[in-house]
Amino acid sequence: MNQIDPRGPKFTAAVTTVVLATVLFLAPSAYAVGLLALQTLLFAWGALRGVQHTPLAWVFRTVVRPRLAPPADWEDAAPPRFAQGVGFAFGAAALVAFVAGVPLLGSVLVGFALAAAVLNAVFGFCLGCEVYLLIRRFTKPADAAQVHAPTS
Amino acid sequence: MSSGQTVLVVALLLAAAFGIYRGFVDGRFGGTHRVRGVTSDQPEPGYDARIPVLADTEHAEDIGSFATLLQFSSTFCAPCRVARRVLAEVAASTPGVVHLEIDAEHHLELVRRLGVQRTPTTLVLDAEGHEVTRAAGAPTAVQVRAALAMLD
């Protein structure tokens, strides 16, 4: 299992917060779409290569971390990586909405990703990680008792 | 204000409100599934408070002679690691108390029956294996000891 400094994903989330807030501040505009495309690319990078191999993780390792005390605890790299995948899904959907001429939908989707990034950066809370179990609960086939429940 | 800026403000306010609320409820023991379940008037199919929680699982014989700290975890869950450390520490220092960790994803039937919404969720079971109280989110050692004191 890959162990990482939990402050790495928090740093990434802080930068993501600033980028997505700027996107919304400028939306709807071509600048907003360009910046969102860049952030979506970063999400994809984190999800595909792992959160410890992104450009932001490199900045954290070389610039931020040497100035911090050693971490009190190590964290598994899988949860934040999964969350990057969720971020990518929202970013990509928002991009499609902006390009398709539905900027309000695009902004709302970015808003969800922003809220998740804020929760991670400020409160250390991983929304994408928690939603995972709820999704699993509802997507796995129901048991017999529910299948035969009366319909009226 | 543009539509994007409106979404920006709303997203930040919602994230802050949710984060503060979560910080308040995380790790607090209280109620059981029956007391605060969403559909408290109609228990979920297969739920019977008279039957021990782990009765028909492979862990039925693993419960502690005084109490069991039953933790539901998932792969994509960083706070689960914190909860694991705290619960294991309390179990090791309290005679008759056992810490059991169950992968929620691989026990979805149990998760549904008990109404577990998120990970980590910790159930305190008495010597017979009945649920006494539960907490969602990683609890502190003080909170766990206070919950165990309810059994005395």
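## The interface and architecture of a predicted two-chain model

In this structure, 36 residues of chain A are in contact with 33 residues of chain B, where contact means heavy atoms within 4.5 Å. The structure is a predicted model, in which local features need pLDDT of at least 70 and side-chain atom pairs count only at pLDDT 80 or more, whereas totals for chains, interfaces and linings use all residues. Residues are numbered from 1 along each chain as its sequence is written, chains are lettered from A and ligands numbered from 1 in the order in which they are written, and side-chain values use heavy atoms, with hydrogens and water left out.

**The interface**

The size of an interface is often given as the accessible area lost when the parts come together. Chain A and chain B bury about 3000 Å² between them, and 64% of this area lies on carbon and sulfur atoms. Buried area is the accessible area (1.4 Å probe) that two parts lose on being put together, summed over both. In chain A, the residues that lose the most area to chain B are Glu130(A), Leu133(A) and Arg137(A), which together account for 23% of what that side buries.

Several elements of chain A give two or more residues to the side that touches chain B: helix 1 (7-26), strand 2 (75-76), helix 4 (78-99), helix 5 (103-123), helix 6 (127-139) and helix 7 (144-147). Helices (H or I, at least four residues) and strands (E, at least two) are DSSP runs, numbered from the N terminus. Helix 5 of chain A gives the most to this side, with nine residues. By class, the side of chain A that touches chain B has 24 nonpolar, four polar and eight charged residues. In this classification, Ala, Val, Leu, Ile, Met, Phe, Trp, Tyr, Cys and Pro count as nonpolar, Asp, Glu, Lys and Arg as charged, and the others, Gly among them, as polar.

Across the interface of chain A and chain B, zero salt bridges are found. A salt bridge is a side-chain nitrogen of Lys or Arg within 4 Å of a carboxyl oxygen of Asp or Glu. Between chain A and chain B there are, however, five residue pairs in polar contact, with both residues at pLDDT 80 or more. A polar contact is a pair of N or O atoms within 3.5 Å; within protein, one must be able to donate a hydrogen and the other to accept it, and residues adjacent in sequence count only if both atoms are side-chain atoms.

**Chain A**

Chain A contains seven helices and two strands, and along the sequence these follow the pattern β-α-α-α-β-α-α-α-α. Of the 152 residues in chain A, 41% are buried. Buried means under 20% relative accessible area, exposed over 50%, and partly exposed in between (1.4 Å probe, protein chains only). Among contacts in chain A between residues at least 6 apart in sequence, 72% join residues at least 24 apart.

Two residues illustrate these terms. Thr12(A) is placed in helix 1 of chain A and is buried, with a relative accessible area of 12%. When its neighbours within four places in sequence are left aside, Thr12(A) is in contact with Leu56(A) and Gln84(A). Leu35(A) is found in helix 2 (residues 30-49) of chain A and is partly exposed, at 25% relative accessible area. With the neighbours within four places set aside, Leu35(A) is in contact with Val19(A), Thr22(A) and Val23(A). Leu35(A) and Val19(A) are 16 residues apart in sequence, and their C-alpha atoms are 7.4 Å apart in space.

**Salt bridges**

The structure holds six salt bridges over all chains. In chain A, Asp5(A), Arg7(A) and Arg65(A) are linked in a network of salt bridges.

| Residue pair | N to O distance |
|---|---|
| Glu101(B) and Arg84(B) | 2.8 Å |
| Arg112(B) and Glu109(B) | 3.4 Å |
| Glu131(B) and Arg134(B) | 2.7 Å |

Glu101(B) is partly exposed at 28% relative accessible area, and Arg84(B) is partly exposed at 36%.

Arg112(B) and Glu109(B) both lie in helix 4 (residues 108-114) of chain B, three residues apart, about one turn of the helix. Arg112(B) is buried, with a relative accessible area of 9%, whereas Glu109(B) is partly exposed at 45%. In the remaining pair of the table, both Glu131(B) and Arg134(B) are buried.
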